[in-house]
Amino acid sequence: MSQVEIRLPKMGESVTEATITNWLKGIGDKVEMDEPLVEVATDKVDNELPSEVAGTLTKILFDTNEVAQVGDVIAIISTEGGAGSNGSEKKSEEKPAENLEGVEKMVKVAEETVSSSSSPNSTVDLDKTGPSGKFYSPLVRSIASKENISMKELESIEGSGQSGRVTKKDVLNYLENRSTNGTVTPQPTAQAAKTPEIAANDRPQTPTPPKAKSVPSMPGDEIVEMDRMRKMIAEHMVMSKHTSPHVTSFVEADVTNIWNWRNKIKDEFKKREGENFTFTPVFVQAVAKAIKDFPNINVCVDGDKIIKRKDINIGMAAALPSGNLIVPVIKQADRLNLYGLAKKVNELANNARDNKLSSDDIQGGTYTLTNVGTFGNVMGTPIINQPQVAILATGAIRKVPAVIETPDGDFIGIRYKMFLSHSYDHRVVDGALGGMFVKRVAEYLEDFDPETTF
């Protein structure tokens, strides 16, 4: 019987784990090649994972709401239709052979700890969020509960997962040390072992975010649990503000030519393409041109190193019907003309609203554009989308009186104007560069050719 391991695939840079949200097939079900097998959720997007082979699903190794790491075996498919198992096998039994001995030892330690408990029902109920604000996955809480690990102990475990999250491996390592020594002796970190001079140089580049205090409720209050995406957004925004010292520069741009040109072509574009032509493609084109003029905006920071990006991949923040935010990416935006940008912008926006974005659609951004003018705001102070170093907010276009300079003198006229708000990471982008960049974007908008054709 041929058994094929189905592993959690890599789903983009910086994505190291995913939550199993729904199994589309059950034990014993037939599965066709490329047929959706399971739904997973990352901190960026929800996805259906297709089966890599045709056969019978014989084992499910991660239950719904459990977190799997990239590369973990999540299911077994028999290509010869073998009988299914009851799905109760320990996930640790499916680990690669080179880790089998260590895993078996951890499982044995866990079993001995359980058998030595005074009562089989002596378990600890744990909240998914600890007093420090750390999130604990269902799998971690389940192990901790069975092993009578208190929340205080759980909080003391140093996490090796994304954003310091405690993983199954961290808990099993903790159990092994506790069982072996009777008590857990904190392991000296590499930081503590260094000399004072070295330690001072190797201190973290960013401070640890302060822990939010618990807020008491008042009579009549309604308490609404954040959904998964909102939690991820909140975590990402707090991390960004604690990583980058934000500075924001503002420039006002006269976009009268763009306003009049769009009014002239939008009906024809709608009739021909079956979709609207928005201002976003024009903004993206201006940003891409300015990035080519100021390539040091198109960078990211890795410790004390600056990585200069070759491609210009512009993310466009999009609001979802749920009220949450997602940032699909226009890859190599500088290589697309205005028509190509319009088609790509509409495609990504529609897929975002319909929850059809792929992992690749939201990966690889090097600069982000957000349009706060959509909500009637004239300007904003956007938060940088890490690990990028800058983000531009475009405000509402307003009809205002303005001084118009001509060879025959100045006069007052009605113009369409908007504010550009440019937030940037002051660790690597100084005021001169940040200010000149947003001014250049405004210049490209103001110099837009009203005779542009597709």
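Two strands count as paired if DSSP finds at least two bridges between them. Keep that in mind as you open this predicted model.

Stop 1: Select residues 299–302, which are strand 10, and residues 305–308, which are strand 11. These two run antiparallel, and four bridges join them. Click on Val301 and look across to strand 11: its bridge partner there is Ile306. Now go to the turn. Two residues sit between the strands of this hairpin, and Gly303 takes a positive phi near 65 degrees.

Stop 2: The whole structure holds 12 aromatic pairs. For one of them, show the side chains of Trp259 and Tyr416: the ring centres are 4.4 Å apart and the planes sit at 15 degrees, so this pair is stacked, as that angle is under 30 degrees. Trp259 belongs to helix 8 (residues 256–273) and Tyr416 to strand 19 (residues 409–425), so the pair ties together parts that are 157 residues apart in sequence. Which of the two is buried? Tyr416 is, with a relative accessible area of 17%, while Trp259 is partly exposed at 23%.

**Stop 3: an edge-to-face pair.** Next, pick Tyr339 and Phe454, whose rings are 6.1 Å centre to centre with 65 degrees between the planes. Tyr339 is in helix 10 (residues 338–353), and Phe454 is in the segment after helix 11 (431–446), 115 residues apart. Tyr339 is partly exposed at 30%, and so is Phe454 at 39%.

**Last stop: a charge over a ring.** Finish at Arg262, which lies over the face of Phe279, 4.6 Å from the ring centre.

Methods:
Residues numbered from 1 in each chain as written. Predicted model: local features only at pLDDT ≥ 70, side-chain atom pairs only at ≥ 80, totals over all residues. Heavy atoms only, no water. Phe/Tyr/Trp six-rings, centres within 6.5 Å; stacked < 30°, edge-to-face > 60°. Buried < 20%, exposed > 50% of the residue type's maximum accessible area, 1.4 Å probe, protein only. Lys NZ or Arg CZ within 6 Å of the ring centre and 35° of its normal.
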